[in-house]
Amino acid sequence: MFLELFYGLREYGVSVTLQEYFAFIRAVEMGVAEFDLDKFYYLARASLCSDERHIDRFDRVFAAWIERAQALKDPLVEVDEDWLKSIGGRHFTEEEKRLIEEMGGFAELMKTLQERLKEQEGRHEGGSKWMGTRGTSPFGAYGYNPSGVRVGQDSSRHRRAAKVWDKRSFRDFDDGVEIGTRQMKLALRRLRRFTREGAQDELDLDGTIANTARNAGFLEIAHRPERKNRVKVLLLLDVGGSMDDHVDLVQQLFSAARSEFSQLETFYFHNCVYERVWRGNGIHRTGMTSTDELIRTYGQDYRVVFVGDASMSPYEITESGGSVEHWNEVAGSVWMQKILRRWERAAWINPVPEQNWRYTPSIGLIFRLMNARMMPLTLAGLDAATAELRK
Amino acid sequence: MCAMQSPRFESTARYIAGEDLAVAVNAAVALERPLLVKGEPGTGKTVLAEEVAGSLGLPLLTWHVKSTTKAQQGLYEYDAVARLRDSQLGVDAVHDIGNYIVKGKMWEAFEKEGGCVLLIDEIDKADIEFPNDLLQELDRMEFFVYETKEVVRAVKRPVVIITSNNEKELPDAFLRRCFFHYIQFPDGATMASIVKAHYPDLHKEVLNEALGMFFGIRSVPNLKKRPSTSELLDWIRLLVIEHVKPGDLEEKAKASSVPPFVGSMVKNEQDMERLAQWVGSRGWQR
C-alpha cells in the first residue's frame with residue numbers, strides 16, 4: 001500500500017528512488033514510527049523527501065494518499081485482526097481495555113467501527129476530517145494509522161496529525177513559486193564553475209613535494225591550472241512600463257547576482273532591445289551605450305541573461321519604428337538576433353507566471369527568438385536558465 | 001515487528017527537538033544511514049549532533065568542513081614531507097610507510113569499538129564533488145588505503161549527522177543515501193520553551209517582552225541576516241547578566257526605540273539602519 005505513495009510522489013515531481021523507498025519500509029518495519037500517524041508522517045518525510053523545496057509537494061501527495069488509505073474500501077478496515085490484536089495488546093492501557101470490554105470486546109469494537117465509518121462516510125462524503133468530529137465516540141479517541149489501529153491517544157490527536165501536512169508550512173520552499181533573494185542566490189551560484197580551467201600554469205607546491213617524496217628525493221615538479229571564477233555575465237534588465245510590477249523581483253535578482261560572478265555588466269532596456277541600452281536607471285537614463293558597442297566590447301565568453309516580461313505590442317518586436325519610445329530604424333527582432341549571434345549562451349528570465357505566457361503574443365515571439373530559452377522567475381526556472389548558460 | 005532496543009533520541013533539558021526531528025534521528029540511528037540536517041543558520045544544527053551523542057551515550061567526533069577540505073582528508077593523509085625529511089636524516093621509521101599515514105576523522109570514527117556519532121559539519125562549504133567522493137565510504141563504511149594496501153572497515157557503523165547551510169546543491173546520489181530533515185524556524189511557543197530550557201529562572205514577563213521584540217525584528221522586511229535562535233539566546237544572556245527587569249523592554253518599546261544590546265541580534269549596519277527606520281515609522285505595536 002505504500003507503493004501508491006511512492007508512485008504518487010514520483011508523479012508529482014518528488015524525486016524518490018527505490019533505495020529511499022526500501023529504507024522507508026525497513027524503518028517502518030523496525031517500528032521507528034511507533035504506530036503513530038504523526039510520527040509515520042515524519043518518518044515518511046525524512047526518508048522519502050530529501051529536498052526542502054519538495055516538502056510542500058510531499059505534503060500534498062501525502063495528504064491525498066492518506067485520505068485514500070483511510071477511506072473505507074482500503075485495507076484499514078480490513079486489516080488482519082490477529083495482527084491488530086497482537087500490537088493492540090501492547091498499546092492498550094488497563095482502562096482502555098475495560099472500555100473495550102464495555103463495548104463488547106475487540107471484535108465487536110471493530111464491527112461497530114466499520115458501521116460507524118460507513119455511516120460517517122455517507123454523511124461527510126468521505127472527507128478527511130470526519131474522524132475528529134466524533135470527539136466523544138470511542139473511535140475519535142483512538143487514532144488511525146494507515147497500517148492499522150493505534151489506540152491510546154486523546155481525541156484531538158488525529159486532527160492535529162492531519163494538520164501537520166495540511167499546514168503546508170514548507171510552501172515557501174517549493175521551487176515552483178516565485179523566489180526571494182536567498183533562494184535566488186542559491187540558484188545563481190550554480191553559475192559559478194568549480195572546476196579549474198585553463199592551461200597548467202601554476203606551480204603545485206604540495207604536488208611537487210609529494211611527487212618528489214614519492215620519488216625518494218628526486219625532484220619532480222608538478223603544475224596545475226589556476227583556479228579562477230571565470231563566469232562573466234551580461235545582465236540586460238527590462239525597466240519601465242509593463243515591467244514596473246516586477247521591478248522588485250528583478251532588483252532582488254540583480255542584488256543576488258552581483259556578488260557571484262567575476263564580471264557582471266548590467267544594462268537596461270525598455271520592452272525590447274533596440275540600438276541603445278543604458279547603464280544608469282535613475283529618473284534620467286545615464287550611460288547610454290549603443291548595442292553595437294556592447295557587442296564589440298564584451299567577448300563571446302560572456303553569458304547573456306535577459307530579464308523582462310516580454311509583454312508588449314508584437315509590433316515593438318517585429319517592425320522598424322515599432323518602439324513606443326523612439327523611432328527605431330531597425331526592428332527589435334533584428335537586434336535580438338544580433339545579440340544572440342554574438343553570445344550563444346543566453347537565457348531570458350520572465351517574471352510572468354509560465355501558465356500565462358500563451359495569452360501574450362509578444363511572449364511567444366520572444367520565446368521563439370530565444371529558441372525556447374525562456375524561463376520563469378522561479379527557482380526551477382533559474383535552474384533551467386543556469387543549466388542552459390553552463391552549456 | 002521488533003521493538004527498538006537502542007536508546008531513543010528525544011528533547012533534552014537543554015535542547016528542544018520537535019517530534020519530526022526526533023523521528024528523523026531515530027530512523028537514521030535504527031537504519032544506520034546518515035542524517036542530513038538543513039535549516040536556517042543558527043537553528044541548532046550543529047548542537048543537534050552533540051545532543052544526539054549525549055542521549056545515545058556515544059562519543060562525538062566532529063569533522064568541520066571548509067572550502068578547501070577534500071574528502072580524502074576525512075579518511076587519511078599521507079605525510080610525504082615528513083617521510084622525505086626522515087629519509088634525509090636517515091631515520092629508521094622511513095621504511096614503514098604506515099608511520100606516515102595520518103588518520104582522518106572518518107577513520108577515527110570507524111575505529112571506535114562502541115560506535116560513535118560523527119558530525120560532518122557544513123558539508124556544503126566544500127567543493128561540489130566532496131559529497132560524491134564520500135558515497136562509497138558512507139554507504140559501506142569502509143575504504144581502502146592505497147599506501148599500505150589495507151582495508152579500513154567500521155567496527156560499528158557510526159551515527160553520521162551531516163549539516164548543510166544550503167550554499168550548494170548536494171548531488172542526488174548523495175541525497176538518496178541520507179535521511180533528510182529540515183529544521184524549520186521555531187514558532188513562538190517552541191521558542192519560549194527553548195529559551196526556558198537555557199534560562200529556567202528567566203522572568204516570564206521579560207521572556208514575553210524579549211520574544212515579542214525578537215519576532216518583531218525578524219519581521220522587519222529585507223533584513224540581510226535575520227536573527228535566529230542562537231542570536232536570541234546570546235541576547236537573552238546579556239539581558240540576564242544586566243538584570244533587565246520586567247517592564248524595561250516594554251518601556252523601550254513604548255518609546256519606539258531599539259532594544260538594549262541589539263548588536264547581538266542585528267550584526268550589520270545596514271540592517272541596524274533598517275531596523276531603526278522600521279521601529280521609528282511604526283513602533284513595536286503588532
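Me: Is Lys125(B) buried, partly exposed or exposed?
Reply: This is a predicted model, in which local features need pLDDT of at least 70, side-chain atom pairs count only at pLDDT 80 or more, and totals for chains, interfaces and linings use all residues. Residues are numbered from 1 along each chain as its sequence is written, chains are lettered from A and ligands numbered from 1 in the order in which they are written, and side-chain values use heavy atoms, leaving out hydrogens and water. Buried means under 20% relative accessible area, exposed over 50%, and partly exposed in between (1.4 Å probe, protein chains only). Lys125(B) has 23% relative accessibility, so the class is partly exposed.

Me: Which residue forms a salt bridge with Lys125(B)?
Reply: A salt bridge needs a side-chain nitrogen of Lys or Arg within 4 Å of a carboxyl oxygen of Asp or Glu. Here the closest N and O atoms are 3.5 Å apart. The partner of Lys125(B) is Glu122(B).

Me: Thanks! Lys225(B) forms a salt bridge with Glu231(B); is Glu231(B) buried or exposed?
Reply: In this pair, the closest N and O atoms are 3.7 Å apart. Lys225(B) is partly exposed at 32% relative accessibility. Glu231(B) has a relative accessible area of 7%, so Glu231(B) is buried.

Me: How many salt bridges does the structure hold over all chains?
Reply: One of them joins the side chains of Lys103(B) and Glu111(B), at 2.9 Å from N to O. Over all chains, the number of salt bridges is 18.

Me: Which residue has a side chain joined to that of Glu316(A) by a polar contact?
Reply: Glu316(A) is in helix H15 (residues 315–318) of chain A, helices being DSSP runs of H or I with at least four residues, numbered from the N terminus. At 6% relative accessibility, Glu316(A) is buried. A polar contact is a pair of N or O atoms within 3.5 Å; within protein, one must be able to donate a hydrogen and the other to accept it, and residues adjacent in sequence count only if both atoms are side-chain atoms. At 2.8 Å, the partner is Asn271(A).

Me: Last one: how many residues has the largest nonpolar core?
Reply: A nonpolar core is a set of buried Ala, Val, Leu, Ile, Met, Phe, Trp, Tyr and Cys residues joined through side-chain atoms within 4.5 Å. Those with the most contacts inside the largest core include Phe24(A) and Ile162(B). Its number of residues is 95.

Note on methods. Helix = DSSP H or I, 4+ residues; strand = E, 2+ residues; numbered from the N terminus.
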